[in-house]
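Thanks for coming. Please look at the structure on the screen while I go through a few parts of it.

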Amino acid sequence: MRIETKAIHSGMDVANPTKDIVPPISTSTIFEIDSEGRNEDDLHYTRLGNPNRLQLEHLLTELEEGEAAAAFSSGVAAATAVFQALNPGDHILIPEDVYAGNRKLVNKVMVRWGLEVDFIPMTDLDVVEDSIRSNTRLIWIESPSNPMMRITDIEAVCDLAHSKEILVCVDNTWPSPINQQPLTLGADLVLHSTTKYLGGHSDILGGAIVSRHQGRIFQRIQELQKLTGAVPSPRDCWLLCRSIRSLPYRMRGHNENAEHLARFLQNHSRVEKVFYPGLATLSGHEIAKKQMTGYGGMISFFITGGREEAIGIVGRSRLIKRATSLGGIESTWEHRRSSEGEGSITPENLIRISVGLEHPDDLMEDLENALADV
């Protein structure tokens with residue numbers, strides 16, 4: 001099936017004994033045990049398994065062309081499970097401009113837990129190779145990165161990592177499986193903050209890991225999912241499945257609108273530089289063309305001036321909402337440095353915008369008013 005069809009039909013009949021076209025929400029926390037005793041895969045207790053979670057995990061597996069998936073209560077919970085699937089003393093490589101939440105997670109929790117970490121320019125394959133140690137067990141990729149839109153050659157890093165028996169996990173939240181499928185490029189694991197494009201309506205919190213193979217590392221992730229209990233509710237799983245049915249068509253709108261706005265911003269006198277994978281001016285554009293089928297709905301740009309000017313511009317919008325997070329049908333933007341807070345390395349004059357599904361002319365008019373000299 002093509003991905004549009006998968007998004008609608010995959011997982012619908014998993015753990016659904018009814019004739020409902022849309023599976024019901026299973027709110028029960030417990031399930032009756034068979035009179036002959038419980039088998040390992042039988043539903044037993046909702047932290048360990050739930051029909052709606054099974055449906056979501058099957059759907060995510062199909063979309064990313066993997067073998068298995070594990071759903072979590074947030075993207076950070078999913079990332080935590082990946083890191084804790086390693087052993088204390090293991091070394092990991094992470095992009096220097098990684099998502100701020102994961103930077104804090106690693107520095108404040110996982111380093112104290114015993115992981116060793118280096119933050120490196122992941123786009124430089126020579127630096128990646130030189131940074132590998134004898135105890136390196138995982139390379140973490142964001143491509144495009146948040147918020148600087150740096151593009152990593154996923155296939156090249158995977159080839160290097162696998163030649164040294166190192167795992168690769170790719171955060172695919174920004175592109176979504178509609179625009180990029182890292183498992184087909186060699187990645188072992190894909191992470192999603194399902195809060196973002198997969199949810200798509202700014203009303204669901206969730207995360208997920210999809211694995212290329214059901215090997216030891218993924219078995220450990222599944223074990224951590226059940227033991228630590230950071231699982232999504234049945235309702236959130238149901239809502240995610242509902243939202244994903246429209247994901248391919250929503251992403252087309254995000255892609256098209258973002259390209260319109262990126263070119264508009266590129267020609268604006270108040271804008272110094274635009275970071276968007278679809279622009280030929282972006283370093284890494286040729287790699288993006290090779291591994292992405294669409295360029296997503298996220299744009300970052302430098303304005304002329306500094307912190308106060310950037311905050312002032314964001315504050316003057318009327319249509320584009322001032323908010324963090326991303327991936328909703330409504331457009332949002334922020335002074336990213338303020339949102340990241342402690343430890344941020346994002347320049348003070350950077351604004352990050354999540355382009356929604358409004359008419360692009362309305363968005364450009366709002367941008368024009370906000371960017372006007374006052």
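Two strands pair if DSSP finds at least two bridges between them. Helices (H or I, at least four residues) and strands (E, at least two) are DSSP runs, numbered from the N terminus. This is a predicted model, where local features need pLDDT of at least 70, side-chain atom pairs count only at pLDDT 80 or more, and totals for chains, interfaces and linings use all residues. Residues are numbered from 1 along each chain as its sequence is written, and side-chain values use heavy atoms, without hydrogens and water.

Start with the sheet. Lys321 has Thr332 in β11 as its bridge partner. β10 and β11 (residues 332-335) are parallel and share two bridges. They belong to an open, mixed sheet of five strands in the order β8-β9-β12-β11-β10. Its edge strands, β8 (271-275) and β10 (321-322), each pair on one side only.

Now to Lys196. Where does Lys196 lie? Lys196 is in the loop between β6 (189-192) and β7 (207-211). An unreviewed UniProt entry annotates Lys196 as "modified residue: N6-(pyridoxal phosphate)lysine"; such annotations may be inferred rather than shown by experiment. Lys196 counts as buried because its relative accessibility is 14%, and buried means under 20% relative accessible area, exposed over 50%, partly exposed in between (1.4 Å probe, protein chains only). Leaving aside neighbours within four places in sequence, Lys196 contacts Thr173, Ser325, Leu326 and Gly327, where contact means heavy atoms within 4.5 Å.

Last, two helices. Residues of α2 that meet α9 include Leu56 and Leu60, and among those of α9 are Trp238 and Ile244.
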